[in-house]
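Colleague: I'd like to learn how to read a protein model, one feature at a time. Could you walk me through this one?

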Amino acid sequence: MTGQLLAGGARELRVTEARRQFFEEGACPEGELPAEVLRSWLRCRDSGVDYQADGRGDPEGRSGLVAARERSELLLSNASGVMEHVFEQIRASGSMVILADDQGMILHSLGDPDFVNRAQRVALQPGALWSESLRGTNAIGTTLVEAAPVEVIGAEHFLDRNGILTCSAAPVFSPTGEVAGVLDISGDSRSNQRHTLGLVRLAAQLLEKRLFEIQYAREIVVAIHARPECIGGLQEGLLAVSPEGRVVGANSIARGLLKSLPAGLEAVDFSAVSRLAFGSFIDRCTRDPYALQALDLRCGERVFARLRGAPPLIGMAARGNRPAAESPARVQEAAPKPCNRRTGEITLECLATGDPRLQLALDRAARITGKDIPLLIQGESGVGKELFARAFHFSGPRSDGPFVALNCAAIPENLIESELFGYVGGAFTGARREGSVGKIQQAHGGTLFLDEIGDMPLGMQARLLRVLQERCVTPVGGQRQIPVDISLVCATHRMLRDAVRAGSFREDLYYRVNGLTVTVPPLRDRTDIRSIVANILEAELAGTPREGQVSIGGQVLDFFERYPWPGNVRQLQNVIRVAAALLDDDETEILPVHLPEELFGADPMDDAESGQGLLQDAGQPPRSMAAVMPTAQPAPLMAAGGARSLDEIELEAIAVVMREVGGNVSAAARRLGISRNTLYRKIGRMS
Ligand SMILES: Nc1ncnc2c1ncn2[C@@H]1O[C@H](COP(=O)(O)OP(=O)(O)OP(=O)(O)O)[C@@H](O)[C@H]1O
């Protein structure tokens, strides 16, 4: 403390001497004063401010104050809470907290009565103008000029009469980057506190944040910071972005991070500050609203980012690359989107590969896109119901909105409620402090896909019905109803009508969810297997060096067309994935040898023992891959043309053993005394 006093005393002496040199000798005492104070002294001298003045600058009349307060109403009404909070920290320190507008007019103050009386003697009170041009160097006026926090202690004030003050001030920036006002803490020059400037800076940031949140309550707000742990705290940068991807607001921290935002923000596109397009950012956030996304900025820095606010805003954003007023009819006229099977962005048209039953379902679904009619998709497991639902979503006017899927059979009954409806912070033990946004809300502006709706618990069915009727959702533990705008698509592998009869599915919900019912046929009944295979292979190899290089052998395709596919398209997809992975570097055709072992007869439906097999009757579905192995009739060692080659004999031996073991490669390898890999290689030569 004594040290601090001594340091304070030495500083005072230095400033007194600098003052003498400046005013009496016209010198510029560099190094003796903080740079911003010296800059200010020079400005004051250049503009003719009289440092000995004492009669100027009395408070404006009451009408001036009323007008100024009206002009800064938003600032004033939001500042009082912050000011009270700051005042609590400095109470009894002989100080006051002051809010001034962007001209330096004091709008409001809170202070210790003792100091308030003394402050009034120098007109530090509401209604007084503390611009630098009027009162010389002072924390409020100089902060406005410098647009940065400033501390002015004792004799550093330009006017002699203000030497009794010590003042610390920080600018409050508007969300468009202009200085909207100044927060200041002033006290007796003898009681300068070291941390005051830090405190007033924090308070200004808090106020800025509040103003930002109010102004952009309806916009998409993105929180950013270079350090992930700062997101959610006072230090986070905030960006407000319009649904079209235009940055319309940024707090001062975000401006610091982005480096090149102009004040006023006219026409700044998100892509001008970030390398990741706004639509892609929104997509990532929609997939996981709580994950931090890394954003590489155009200025070369990397920050972490998270969407703030309720997901309804996400929906609006995602839709927003097109004007809100655009009619569904026009949207449908737009050029069809190309299929992207890897990202799941496909349309109903992409799914039309020639099967007449599926075509009927596609045509009917296409007629209701953009209409408020719920779609119910029926079909066995793995037939492509979710893919159908996605295609329906991407074929309609909501295609730029989120597609949010929930499998009602895959999550425990006690979690469905919070997954679907979300919850507020502290709603139950183990709940996240910040709460969680449910799938229904996440789907706002887009499509909610409820897979296996028939497995939804009855209690949940009642709540879902209410949401569908009222178009509002109330998170678990919350009171507020949040409006939602969703298109509903449900899927089930069982007959919902039977579930209604059995009492496990509510009849009223049944009628709500099946506006239109379509059925996706099982793979064994489809006539377009070759097209599906081609699509799967293409998607599987896309982006790899083998893209477009691999084909599927005729024998394998024949087998695929006759196999019953109990696991439907999902099983077929796995088979092709494995086969593609088993290809050697120099192989470009998928052959029987590349197919997974279970298709070779390990299957319980294996028909090897039934005597059926290698030579199938046309039209008879094979039960195993053994059925498509080459015919293996034992042949004599000597043929008509003389002794046969060792290769031929070896291949025949393999074919005989394969037949005996019903196509089971492991068993055949054991019996032949060679490894499975060697056997695979040799079988490859046979095909
Ligand atoms: N026509 C198709 N072409 C290519 N791949 C397809 C096709 N139909 C479905 N698939 C693929 O098959 C897999 C299973 O499809 P999907 O998940 O849509 O089936 P589902 O009927 O919803 O399954 P479940 O009943 O188990 O939920 C997915 O990986 C999907 O991409």
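This is a predicted model: local features need pLDDT of at least 70, side-chain atom pairs count only at pLDDT 80 or more; totals for chains, interfaces and linings use all residues.

Colleague: Where does Leu583 sit?

Modeller: Leu583 is in the loop between H24 and strand E22, which covers 589-590. Setting aside residues up to four places away in sequence, Leu583 touches Val550, Ile590 and His594.

Colleague: Let's take a helix, then. Which residues of H22 are buried?

Modeller: They are Ile529, Ile532, Val533, Ile536, Leu537 and Glu540. Viewed down the axis of H22, the buried residues fall within an arc of 130°, so they line one face of the helix. Here's the general idea: an α-helix has 3.6 residues a turn, so residues three or four places apart point the same way.

Colleague: What does that buried face pack against?

Modeller: The buried residues of H22 pack against strand E21 (551-552), helix H23 (554-562) and H24.

Colleague: What span should H22 have, and why?

Modeller: H22 has 13 residues, and at 1.5 Å a residue it should span 18 Å. The C-alpha atoms at its ends are 18 Å apart, so the two agree. After H22 comes Gly543, with a positive phi near 80°.

Colleague: Which residue follows H17, and what is its phi?

Modeller: Gly422 follows H17, and its phi is positive, near 80°. Gly422 belongs to strand E14, residues 422-423. Gly422 is buried, with 25 other C-beta atoms within 10 Å. Leaving out neighbours within four places in sequence, its contacts include Gly435, Ser436, Pro475 and Val476. Gly422 and Gln442 are 20 residues apart in sequence and 9.4 Å apart in space, C-alpha to C-alpha.

Colleague: Which residues are buried in H17 itself?

Modeller: In H17, residues 413-421, the buried ones are Ile416, Ser418, Leu420 and Phe421. The elements they pack against include strand E13 (403-407), helix H18 (439-442) and helix H19 (458-470).

Colleague: Which residue other than glycine has a positive phi near 45°?

Modeller: Trp565 does. Trp565 is in the loop between H23 and H24, and with 22 C-beta neighbours inside 10 Å, Trp565 counts as buried. Ala147 has a positive phi too, of about 55°, although Ala147 is not a glycine. Ala147 lies in the loop between helix H7 (139-146) and strand E3 (150-153). With 14 C-beta neighbours inside 10 Å, Ala147 counts as partly exposed.

Colleague: Now the ligand. Which residues come nearest to it?

Modeller: Of the 18 residues around the ligand, Gly384, Lys385, Glu386, Leu387 and Val569 come nearest. By class, the shell has 7 nonpolar, 7 polar and 4 charged residues. Helix H16 (385-394), H22 (529-541) and H24 (568-582) each supply at least two residues of the shell.

Colleague: Where does the ligand lie relative to the domains, and why?

Modeller: Domain 3 (336-514) and domain 4 (525-686) both give residues to the shell around the ligand, so the ligand lies between them.

Notes: Residues are numbered from 1 along each chain as its sequence is written. A residue is near a molecule or strand if its C-beta atom, placed from the backbone, lies within 6 Å of it. Helices (H or I, at least four residues) and strands (E, at least two) are DSSP runs, numbered from the N terminus. Ala, Val, Leu, Ile, Met, Phe, Trp, Tyr, Cys and Pro count as nonpolar, Asp, Glu, Lys and Arg as charged, and the others, Gly among them, as polar. Domain bounds come from an automatic or database domain assignment. The expected span of a helix is 1.5 Å times one less than its number of residues. A residue is buried if 20 or more other C-beta atoms lie within 10 Å of its own, exposed if 12 or fewer, and partly exposed in between; C-beta atoms are placed from the backbone. The arc is that of the directions from the helix axis to the C-beta atoms. Two residues are in contact if their C-beta atoms, placed from the backbone, lie within 7 Å.
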